[in-house]
Amino acid sequence: MSLDFTPWGKYQNLPSPYPLIWHAIDTMAVAEKIWDNYLTSGQKSVIAESLECHDDLECAKAFFVFIAGIHDIGKLSDSFQRQNIRAWATVSSDLVDASHEVTENIKHPLAGELGLRLLLPELGFTDNDIFSITSIVSEIVTGHHGRYSESPWRYTPAEGTEQLLGGAVWVEQQRHFLNTIFRLAGRPHDVQEISAPGAILITGGVILSDWVASQTHFILPLLYRNSTSIDDHYAASSHAAEAELERIGLIQPQPRRVDPLTLLPFDPPNWLQKSIASDLAAHIESNTPGCLVVTAPPGEGKTEATHVASSIFEQAGSVGLVSLLPTQGIADQQWGRLHQWASTYAETDTVTLAHSNAWLHEQYNATNLTAPVATGDDDCGDGDAPDQWLRRRHRPLLAPFVSSTIDQVLQAVQPSKFNMLRLFAVSGKTVVVDEAHTYDPYMQALVGRALEWLGAFGTNVILLSATLPPSISTALVSSYLRGAGRRRSALNKLDLSVPYPGWLYAPASGQPIRFTAPVDDQPRSDAYQRHPASITTEPVVSTSANAIDDTNRLDTVIDHVARVGDADGGCAAVVCNTVDDAQATYQSVHQHFEQRGIPVEILLIHARMPDNERRARLERLDYKRGRKATVEAGERLIVVGTPLLESALDYDCDLMISDLAPMAMLLQRLGRCWRHRLWRPAWSTEPRLIVLNPNTIPRRWGGRDGIYHHHLLHQTTRTLDGLTTVSIPDDVQRLVESVHDVDLMNCALIEDDTLAGDYMITTETKRQQGVRTAIPGPNRAYPLSLLHPLQPREERKLSARLGIDTVRVLACFRQHDGTLTFDTTGVNPVPDIENDNYDWAVRAIMARTFNLERSMTIGLPQPHRPTQWDNDAHLKHVTLLAQPIDRQGRACPVRTRDWDLDLDPDLGLVRHRRA
């Protein structure tokens, strides 16, 4: 019996079944073009090295294409072919008559594993243990739907395999199929080993190839063409694959061959960008990756420095850039800057925004259309416009340039579905971890594991921070170098300290390279200008261990922001530790100026307000005080917010007022003072930070219920004592280490410091939680099923952040007739997703949602929800906070067990503790 062409591979949304052999050839053709036009030289080298092909990239390419071709071999089984009665009717009678129905339904990835374990050794591939090439290829095939799984039939004998597949006829068909694909791929028989990093890159490439080849609009022309032979179909499919990859943006960008400094949005470049363009470039070797750590005060153009470094890292095997940010708002802002640079640097608009609410970003304008695909396995995005394909689920990281929350990559090192695709997607780009100091020990553990994998992939990594403690920078760089193959004994001999301000470059092999910025008292483009900044500690009275005297605190704030009301105007920012504090501060400041008839624009920004409102206020802040702002005398602006205003947001103020926070955070806030070259009022003579320091730290600020650990606040208070002036940059690192350095904490433990001991225990507990959540490192990832030890229901509980449990809520109003509206007057109704434009309606609703602590919704009455919401992937998870409108037209609060909740148009969601 020869290869039978009648078994089907695709049928859904097609006029007739599409032969499995044609789909296999299509996937091979796409994989070949992905190798040629999408994979970077670094990715190809890693795959070749992992296969021990070394410099023989053609051997590695042949194996890559071969695996893509056999990914659906398990569909040659009775269980799969009988799934569709109409398609089964087209299968040849020879197969139908010789097949017997299998009582146990085996999914086709596992059926493929069964056949491959039996048949791959016939082609010369070893099969002696879990590390053999046959075992690993079988696992790759099981993983092309997003999860590696350990088959319960792994050790089934040959006769058992025949029984499970539906008879000897299916084993024979798999044998003919395998030989055909093997011949088309170029007979890659020399491959006998593969490392875990190589296996993951190949799996990611196979998933991507399958998705592209499974689109209905890709299949239809080939189906109607009615190919006359395998070779004829391969030629036609190759032509279609190249056109499709270009259409959807899956091609390498072609950077302009110019001096990267000429592409910066400002002129002239400063010492940081110039040193990377010259000193770093001189030490980069071809296809030798490394980890670059940049430390410099806020406002020094670290983001632009990553753009310069990214262009230099091209010769080290990277193409493109993914910028990882701590929050969605910061990622949104960074997307605009990245888009502007990419359009100049690579003349491309293929710049994606990767976070759960990117589809609500108006400028990004993502869509969430449901389109038909030729398989029910995955949503392949058939028929998407060219700029939309990469914006669908699991895809944004595949784009050449990406602005993303760090969660998207941390999920790649957790046992979640498609984690291998995420790793594949970022492995060929320069990966930038911005604000590296902001992550807690749990996230730091995940970041470390991600860096370990990126080191194994030969990915170039950049870590950015203005206030990175030495212990953290050393640990992160060490993780990267371990993944790159450095032994721990060798790492212990390396000096990985990072100069401040300056940078450290740690190549995968060789000695680290340092650059320390020259510091001068005079402005020079090739040096950092030393400048003083004022830090004033204002005492705030505490009423008890649990609270502070809010009246005293607010009076102190008003005393300092009052100068904004002068004729000169100016801008002051007030960063509060909690949303409640921010709302009270806004009300007090607003009342102060309103009573005096002084027009002052006051922006309140925090997380407990509708997303569209918060985004609008951040855009307003950027317009008024961002990099491109123009400020005139007499303009008055006060910004009140939470730690959201602390890092990465690019805005400028004349005065910063802050609640007590850990030293690194205070220095970040100070970095927003005099950040840009803007007009200054006469009262602002230098950057100034005022710290509100209570004589007893309230529990809501520090302690087990607070947002910071008591030890950090206690140490910060001790460091601030007597401090009035800070020299930037000379004092920054010393101040950070005085609070955050691990060695000093160990000394405190020796002195029997209870707070330090509790902090160290808490830190280690969180770190261990992160370690336990992460997948194994690249040297411990066999079998590949170790990357997916959880059941799907358990996977959904995974989180890249360890913290407060939240729910997505929509705060709105219920009128007398039951109508839900966004306003109290009933003029702006909540859209009806059944009768209004569906896509517009879902966007309009979701744009007004926000995250709320789950504990605040305990005891929430369950109001009537539109039943249609339960059928929408987004709306079904939204909790409704519908405030009833009374007869006088006033909104009554929503009552939960502990709180009365009230949506205010200025304050956001206000909570009052119930008696």
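Among contacts in the protein chain between residues at least 6 apart in sequence, what percentage join residues at least 24 apart? The share is 75%, counted over contacts in the protein chain, where a contact means heavy atoms within 4.5 Å. This is a predicted model, in which local features need pLDDT of at least 70 and side-chain atom pairs count only at pLDDT 80 or more, while totals for chains, interfaces and linings use all residues. Residues are numbered from 1 along each chain as its sequence is written, and side-chain values use heavy atoms, with hydrogens and water left out.

**Overall form**

- The protein chain holds 31 helices and 26 strands, which are DSSP runs numbered from the N terminus (helices are H or I with at least four residues, strands are E with at least two).
- The radius of gyration, taken over C-alpha atoms, is compared with a globule rule of 2.2 Å times the number of residues to the power 0.38; the protein chain has a value of 30 Å, close to the 29 Å that the rule gives for 915 residues, so it is as compact as a globular protein of that length.
- Taken along the principal axes, the C-alpha atoms of the protein chain fill a box of roughly 95 × 70 × 55 Å.
- Of the 915 residues, 61% count as buried, where buried means under 20% relative accessible area, exposed means over 50% and partly exposed lies in between (1.4 Å probe, protein chains only).

- Helix H24 (residues 611–625) has 15 residues and reaches 21 Å from its first C-alpha to its last, close to the 21 Å expected, the expected span being 1.5 Å times one less than the number of residues.

- Phe-131 and Tyr-782 form an edge-to-face pair, with 5.9 Å from centre to centre and 75 degrees between the planes.
- Phe-131 is partly exposed at 47% relative accessible area, whereas Tyr-782 counts as buried at 16%.
- Trp-271 and Phe-515 form a stacked pair, 6.4 Å from centre to centre with 15 degrees between the planes; Trp-271 lies in helix H14 (residues 271–280) and Phe-515 in strand S10 (residues 513–516), so the pair ties together parts that are 244 residues apart in sequence.
- Trp-271 counts as buried at 2% relative accessibility, and Phe-515 counts as buried at 16%.
- Phe-63, Phe-66, Phe-125 and Phe-182 are linked by ring pairs into a cluster.
- A charge sits over a ring if NZ of Lys or CZ of Arg is within 6 Å of the ring centre and within 35 degrees of the ring normal; the charged end of Arg-391 sits in this way over the ring of Tyr-364, 3.9 Å from its centre, and that of Arg-911 over the ring of Trp-899, 4.1 Å from its centre.

**Cysteines**

- A search of the whole structure finds zero disulfides, a disulfide being a pair of cysteine sulfur atoms within 2.5 Å.
- Cys-653 is in no disulfide, and the nearest cysteine sulfur, that of Cys-673, is 3.9 Å away; Cys-653 is buried, with a relative accessible area of 0%.
- The sulfur of Cys-812 is 14 Å from the closest cysteine sulfur, in Cys-892, which is too far for a bond, and Cys-812 counts as buried at 0% relative accessibility.

**Backbone details**

- Most residues other than glycine have a negative phi, and most peptide bonds are trans.
- The peptide bond from Ile-728 to Pro-729 is cis, with omega near 15 degrees, and Pro-729 is found in the loop between strand S19 (725–728) and helix H27 (732–740).
- Tyr-782 is joined to Pro-783 by a cis peptide bond with omega about -5 degrees, and Pro-783 has its place in the loop between H29 and H30.
- Asn-226 is not a glycine, yet has a positive phi of about 60 degrees; Asn-226 lies in the loop between helix H12 (216–225) and helix H13 (230–248) and is exposed, with a relative accessible area of 61%.

Technical notes. Phe/Tyr/Trp six-rings, centres within 6.5 Å; stacked < 30°, edge-to-face > 60°.
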